[in-house]
Amino acid sequence: MGGAVVDEGPTGIKAPDGGWGWAVLFGCFIITGFSYAFPKAVSVFFKELMHEFGIGYSDTAWISSILLAMLYGTGPLCSVCVNRFGCRPVMLVGGLFASLGMVAASFCRSIIQIYLTTGVITGLGLALNFQPSLIMLNRYFNKRRPIANGLAAAGSPVFLCALSPLGQLLQDHYGWRGGFLILGGLLLNCCVCAALMRPLVAPQVGRGTEPRGPQRPPQRLLDLSVFRDRGFLIYAVAASIMVLGLFVPPVFVVSYAKDMGVPDTKAAFLLTILGFIDIFARPTAGFITGLKKVRPYSVYLFSFAMFFNGFTDLTGSTATDYGGLVVFCIFFGISYGMVGALQFEVLMAIVGTQKFSSAIGLVLLLEAVAVLIGPPSGGKLLDATKVYKYVFILAGAEVLTSSLVLLLGNFFCIGKRKRPEVTEPEEVASEEKLHKPPVDVGVDSREVEHFLKAEPEKNGEVVHTPETSV
């Protein structure tokens with residue numbers, strides 16, 4: 001495995017920032033929508049599953065947790081598969097798995113079987129689609145990457161607005177089994193999105209000529225050198241803490257409303273409100289992050305987004321009626337959209353294009369444990385106290401802690417390490433000094449020839465700027 005060549009796209013190809021990239025962006029929009037909205041949308045069926053199998057809140061919460069844990073925990077596996085086989089084949093297989101899991105779940109006779117089908121199989125299928133789509137988006141966009149990430153991330157709220165009422169409608173007309181079967185058919189659209197992921201092709205070289213510049217050496221399928229990057233470590237720790245509480249409120253808000261006596265359809269509409277606000281928050285956050293003066297400070301904007309989200313959870317815990325939950329969903333949608341638009345943009349900026357396929361897999365693996373703990377721990381707390389207020393307070397405290405870890409870690413551990421900016425005259429003078437031969441030292445012609453041949457190799461290296469480092 002160590003000697004295999006990574007599928008990181010042809011070397012020397014500039015990101016088109018458009019063209020077929022818009023088709024890739026559309027496919028990524030669909031995939032992101034299914035991946036993130038699906039674990040929340042299935043919460044509409046939780047009440048029926050509790051009655052069917054005689055289980056509690058924490059038991060049904062495991063369905064969303066396993067879905068998200070598979071989406072996150074299989075990150076390194078997805079990285080290895082993408083680097084070995086390419087994005088498109090992996091996504092095609094993932095689409096089939098996602099559909100198969102939901103279809104099989106419609107025939108289940110126990111909650112354990114639903115864990116295995118909806119949780120494991122469908123979760124694995126969504127993971128095999130989600131990560132490759134982000135990798136392709138990163139290859140097709142560079143200058144417009146923040147807004148592209150924001151638009152792709154908007155797929156989550158759009159699909160949440162659609163899937164949540166659709167799930168309630170399917171449950172009312174066909175029961176949870178018929179609803180699972182129809183949702184399984186919808187997931188086959190992931191295979192259509194996979195067909196849009198056309199690899200970038202290197203420009204043709206004339207006959208009898210060799211490619212210019214040295215070829216990059218083969219790399220490992222999973223690049224663990226990202227763990228030597230202090231910025232990556234801080235990001236990974238903060239993101240893992242954030243995930244403990246980030247997905248808890250959307251999972252429980254519908255049940256919270258139903259517990260207040262709100263009708264089922266009206267309760268499910270809360271997720272539609274949250275998703276509608278989220279639709280506009282994500283592209284807006286991506287557009288703001290893409291501004292020239294803001295982009296170097298994207299990590300601080302991401303930290304603010306997490307703080308805003310945690311504070312919203314704490315204030316939402318005081319809701320006592322349906323109107324209070326509506327206000328909570330509005331502000332949660334804004335903060336959640338900011339987090340969704342910025343999380344992978346910041347990771348791309350930290351590690352760069354070449355290491356992103358490995359970095360995202362490792363980050364998702366670290367977050368998987370937190371995802372597996374978050375909603376079930378909220379369900380256990382709810383089973384013990386029967387009070388939703390404590391669930392929202394716990395989630396808010398976890399997200400607030402993550403924002404402080406990222407902010408303080410970046411300021412004290414990374415910010416102090418940055419070199420002072422060099423003015424333009426000083427930069428020119430230092431460059432002239434660098435290329436000026438030493439006085440009274442003879443320069444051999446063979447050394448000059450070797451230096452000129454090695455010069456293209458410098459151009460192939462990744463240049464670190466304030467945008468590519470925390």
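R295 and E345 are both buried (buried means under 20% relative accessible area, exposed over 50%, and partly exposed in between, with a 1.4 Å probe and protein chains only). The structure is a predicted model, in which local features need pLDDT of at least 70 and side-chain atom pairs count only at pLDDT 80 or more, whereas totals for chains, interfaces and linings use all residues. Residues are numbered from 1 along each chain as its sequence is written, and side-chain values use heavy atoms, with hydrogens and water left out.

R295 and E345 form a salt bridge, with their closest N and O atoms 3.8 Å apart (a salt bridge is a side-chain nitrogen of Lys or Arg within 4 Å of a carboxyl oxygen of Asp or Glu). This pair links distant parts of the chain, as R295 lies in the loop between α12 and α13 (298-316) and E345 in helix α14, 50 residues apart. Helices here are DSSP runs (H or I, at least four residues; strands are E, at least two), numbered from the N terminus. R145 joins R295 and E345 in a network of salt bridges.

E345 is also in contact with N149; beyond the neighbours of N149 within four places in sequence, the contacts of this residue are L137, A341, E345 and M348 (contact means heavy atoms within 4.5 Å). N149 belongs to helix α7 (residues 145-153) and is buried, with a relative accessible area of 5%.

The structure contains 4 salt bridges. One of them joins the side chains of E52 and R177, at 3.5 Å from N to O. It connects distant parts of the chain, from E52 in helix α2 (residues 46-53) to R177 in helix α8, 125 residues apart. E52 is partly exposed at 42% relative accessible area, and R177 is partly exposed at 22%. Another salt bridge pairs R282 with D278, whose closest N and O atoms are 2.9 Å apart. Both residues lie in helix α12 (residues 264-289), 4 residues apart, or about one turn of the helix. An α-helix has 3.6 residues a turn, so residues three or four places apart point the same way. R282 is buried at 3% relative accessibility, and D278 is buried at 0%.

Helix α8 (residues 155-186) also holds L169, which is partly exposed with a relative accessible area of 46%. The C-alpha atoms of L169 and T265 are 8.4 Å apart, although 96 residues separate the two along the chain.

A search of the whole structure gives 17 aromatic pairs (rings of Phe, Tyr and Trp, the last by its six-membered ring, pair if their centres lie within 6.5 Å; planes under 30 degrees apart count as stacked, over 60 as edge-to-face and the rest as tilted). The rings of Y256 and F392 have centres 5.6 Å apart and planes at 50 degrees, so this pair is tilted. Y256 lies in helix α11 (residues 248-259) and F392 in helix α16 (residues 388-414), 136 residues apart. Both Y256 and F392 are buried. They belong to one aromatic cluster together with F328, F332, Y336 and Y388.

Charged groups also lie over rings (NZ of Lys or CZ of Arg within 6 Å of the ring centre and within 35 degrees of the ring normal). The charged end of R198 sits over the ring of W20, 4.3 Å from its centre, and K266 lies over the face of Y322, 4.7 Å from the ring centre.

The largest nonpolar core has 129 residues, and those with the most contacts inside it are F34, F38, Y72, F232, F247, F302 and L347 (a nonpolar core is a set of buried Ala, Val, Leu, Ile, Met, Phe, Trp, Tyr and Cys residues joined through side-chain atoms within 4.5 Å). Helix α14 (residues 322-351) gives the most to this core, with 17 residues. Beyond its neighbours within four places in sequence, F302 is in contact with Y235, M242, V339, L342, Q343, V346 and L406.

In helix α4 (residues 75-85), the buried residues include G75, P76, C78 and C81. Among the elements that cover the buried residues of α4 are α3 (57-73), α5 (87-105), α6 (111-140) and α15 (356-385). α4 is followed by G86, whose phi is positive, near 100 degrees.

The count of disulfides is 0 (a disulfide is a pair of cysteine sulfur atoms within 2.5 Å). For C78, the nearest cysteine sulfur is that of C81, 6.5 Å away.
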